[in-house]
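I opened my notebook to look up a few things in this structure. Here is what I wrote down as I went.

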Amino acid sequence: GVDIQGVRVQNDLAGSKVNSNDALYLLSRPTGGEVFKNSNDINSDLETMLRHQEVVYVLGFTVPAGNNGRYHDLSIKLTGVPGGRAFHRAGYFDDGAQTALERSLTNAEIVLNDIPQAGVHIATLTAAFPAANHRGLVPVVVDIPGTDLLVPQPSKPLSLDLYVYAFDGEGIVRDRIFQHITLDTIVLRDKLLRTGVKYYATLSLPAGKYAIKTLVRLSDDRKGYARSDVEVTSGDEVSLLPPLFMDDPGRWVLIRGAMHDDGAPFPFQIGGEPFMPSARAELMDGQPRDYALFVLNADAGELAWETAVTDVSGRKQSTSPILVKQLQAQTMTKMIFRYTAQGMMSGAGTMDVQVHRKGSGDERTSRVAVVMKTKGEAP
């Protein structure tokens, strides 16, 4: 808080009117802020404030679980910093007693600060198609594991809120989606246990770079969060979509969300055959898996490609995937490749696909999250 009234006395000459800046303290101090007061040089105050923000430490700690809403004070003590001061939030509340407004503020804190959430392990996939009529189509696929939704065992229909925000480079929300979803867990139990919920929606964004942030909040206040970065190119730039592992939508509880696409056709199709991609593909050791690759503004004959899969241990396996199908559709080259994982360690990993023009240093790389599975491991 910056007091812009300058140097002054706190009372008028008669002593009857208090000219106080206590309100600024009430607004600033509980969240670790500072008040600049008794100064006629606002530029100096702003420079000091910016200098204080040059380095910010994020400290984390674990506390016993509680749900009675009790308030806990926080105290930070500096060591080895003579004359130093620490500004920090005053404390925190146990979960379980928040109002709807407090829950909304917590959700905003998660989204704005990219705070990981372990209550629900969601995965997201975003793919940016080039801007036409000054706006690009950005499909968003969210996979929510059913085992997370069914813990603890629900005795009534399960409800969840799903938020998707597209932040540009200046931190401004350029498009957003909110969806309230209710699931009949008794009817859908088998399908939820086998896979989970697959949510599909589309955003509409002008050319530029974006952070697509997705938050899922269950009715018992468990949360899942994921962020993916994407770039919407202009219509004539060469661009590469992430590898799109083809999934069987019939295995999932498929939910179609908001479509901000101005009636654009379903983007995930090859030769008129639609498919739904996996947000986080499972690669079973020794079993082939097909994925689609879309390259914009480049002919198939001039392209060369390479695949690199990295497992949880950091081991990288580079291969030239097998081309199964290829189609040139106007300005877009669509290809289906077949990849077989061999000897990779079980756990979370990534797949990187690099495409470049033959005889040229012009190349593009895209990445998708994968999960390695060993033979005999349950899907």
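**Entry 1: charges that meet**

I started with salt bridges, and the structure holds 14 of them. I count a salt bridge when a side-chain nitrogen of Lys or Arg lies within 4 Å of a carboxyl oxygen of Asp or Glu. The idea behind it: side chains of opposite charge can pair when their charged atoms come close.

Before going on, I noted that this is a predicted model, where local features need pLDDT of at least 70 and side-chain atom pairs count only at pLDDT 80 or more, while totals for chains, interfaces and linings use all residues. Residues are numbered from 1 along each chain as its sequence is written, and side-chain values use heavy atoms, with hydrogens and water left out.

One of the salt bridges joins the side chains of R174 and D168, at 2.7 Å from N to O. Are these two buried or exposed, I wondered? For that I use relative accessible area: buried is under 20%, exposed is over 50%, and partly exposed is in between (1.4 Å probe, protein chains only). R174 counts as partly exposed because its relative accessibility is 42%. D168 has a relative accessible area of 14%, so D168 is buried.

Next I looked at D221. Its side chain meets that of R217 in a salt bridge of 2.8 Å, N to O. K223 also forms a salt bridge with D221, and there the closest N and O atoms are 3.1 Å apart. R217 and D221 are both buried, and K223 is buried too.

I also found a network of salt bridges that links D114, K213, R227 and D229.

**Entry 2: rings**

How many aromatic pairs does the structure hold? I got 12. Rings of Phe, Tyr and Trp (its six-membered ring) pair if their centres lie within 6.5 Å; planes under 30 degrees apart count as stacked, over 60 as edge-to-face and the rest as tilted.

Y165 and F167 make a tilted pair, with 6.2 Å from centre to centre and 45° between the planes. Y165 is partly exposed because its relative accessibility is 23%, whereas F167, at 10%, counts as buried.

F245 and Y291 make a tilted pair as well, at 5.3 Å centre to centre and 45° between the planes. F245 sits in strand β11 and Y291 in strand β17 (residues 288–296), so this pair ties together parts that are 46 residues apart in sequence. I checked burial here: F245 and Y291 are both buried.

I also wrote down one aromatic cluster, formed by F129, Y200, F266, F268, F275 and F294.

Then I looked for charges over rings. A charge sits over a ring if NZ of Lys or CZ of Arg is within 6 Å of the ring centre and within 35 degrees of the ring normal. The charged end of K213 sits over the ring of F167, 4.9 Å from its centre.

**Entry 3: W252**

That sent me to W252. Where is it? I found W252 in the loop between β11 (244–247) and β12 (253–259). Strands here are DSSP runs (E, at least two residues), numbered from the N terminus. W252 counts as buried because its relative accessible area is 11%.

Which residues does W252 contact, leaving aside neighbours within four places in sequence? They are D143, I144, K191, T195, G196, V197, K198 and D247. Contact means heavy atoms within 4.5 Å. The side chains of W252 and D247 also make a polar contact at 3.0 Å. A polar contact is a pair of N or O atoms within 3.5 Å; within protein, one must be able to donate a hydrogen and the other to accept it, and residues adjacent in sequence count only if both atoms are side-chain atoms.

**Entry 4: strands side by side**

Last, I followed strand β4 (residues 136–145). Nine of its 10 residues are buried, so β4 is largely enclosed by the rest of the structure. Two strands pair if DSSP finds at least two bridges between them. β4 pairs with β3 in the antiparallel sense over four bridges, and A123 stands opposite D143 in β4. β4 also pairs with strand β7 (residues 196–205), again antiparallel, over 10 bridges. There, G136 has L205 in β7 as its bridge partner.
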